Amino acid sequence: TAFACIFQCFFCQQVQQSCSNHSPEPRPCDMVKMTKSKTFQAYLPSCHRTYSCIHCRAHLANHDELISKSFQGSQGRAYLFNSVVNVGCGPAEERVLLTGLHAVADIYCENCKTTLGWKYEHAFESSQKYKEGKFIIELAHMIKDNGWE
């Protein structure tokens, strides 16, 4: 409720003024801030290198799910992933891509609704069957998070 939010903000400001910056334990004001962050459907482990939506920072994929960096999207380079999180899928349609005819469905960020790439639903050429069920995310729409050097 609005009252609870105002109370939390007031509480946070009051505690922040009295919190010691040298305390190794989480401060109450930090805990309040954590409850105000955006809620995503899935969070990837913070100990792994991940890719996130550049627009809203929702987690999208774990680096371990990356298959290839050698793909081309409509807005430039794109990566192929085995699996992704926090994405919605539009209806499938047939498109002629650089590698031939495919049935693909656009994928979008569930949090900010930005179109990120597409999912390969069906490949019509036998050499392209490995793409079925896989996801393309364009580099223009993602950012590296957690543990990248």
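## Fold and local detail of a predicted chain

In this predicted model, residues 24 or more positions apart account for 44% of the contacts in the protein chain with a separation of 6 or more. The protein chain contains two helices and nine strands, and read from the N terminus its elements follow the order α-α-β-β-β-β-β-β-β-β-β. Of the 149 residues in the protein chain, 37% are buried, while the chain exposes about 9100 Å², of which carbon and sulfur atoms supply 54%.

### Strand S4 and its partners

Strand S4, which spans residues 76-81, is mostly covered, five of its six residues being buried. S4 pairs with strand S3 (residues 66-73) and the two run antiparallel, joined by five bridges; S3 and S4 also form a hairpin, with two residues between them. S4 pairs as well with strand S8 (residues 135-138), again in the antiparallel sense, over four bridges. The table sets out the two pairings, with one bridge from each.

| Pairing | Sense | Bridges | One of the bridges |
|---|---|---|---|
| S3 (residues 66-73) with S4 | antiparallel | five | Gln72 with Arg77 |
| S4 with S8 (residues 135-138) | antiparallel | four | Tyr79 with Ile137 |

### Ser68 in strand S3

Ser68 has its place in strand S3. Is Ser68 buried or exposed? Because its relative accessibility is 18%, Ser68 counts as buried, the cut-off for that class being under 20%. A polar atom of the Ser68 side chain lies 3.0 Å from the backbone nitrogen of Ser70. When neighbours within four places in sequence are left aside, Ser68 is in contact with Ala78, Tyr79 and Leu80. One of these, Tyr79, is also the residue whose bridge partner in S8 is Ile137. As a general point on such elements, the side chains of a regular strand alternate between the two faces of the sheet.

### A nonpolar patch at the surface

Which residues form the nonpolar patch on the surface? The patch is formed by Val96, Leu101 and Phe124, which together have about 280 Å² of accessible area. Phe124 is found in the loop between strand S7 (115-123) and S8.

Terms used: Residues numbered from 1 in each chain as written. Predicted model: local features only at pLDDT ≥ 70, side-chain atom pairs only at ≥ 80, totals over all residues. Heavy atoms only, no water. Buried < 20%, exposed > 50% of the residue type's maximum accessible area, 1.4 Å probe, protein only. Contact = heavy atoms within 4.5 Å. Areas by Shrake-Rupley, 256 points an atom, 1.4 Å probe, with all protein chains shown as cover. Pairing = 2+ DSSP bridges. Patch = residues over 30% accessible without salt bridge, like charges linked within 9 Å, V, L, I, M, F, W, Y side chains within 5 Å. Salt bridge = Lys/Arg side-chain N within 4 Å of Asp/Glu carboxyl O. Polar contact = N/O pair within 3.5 Å; in protein donor to acceptor, adjacent residues only side chain to side chain.
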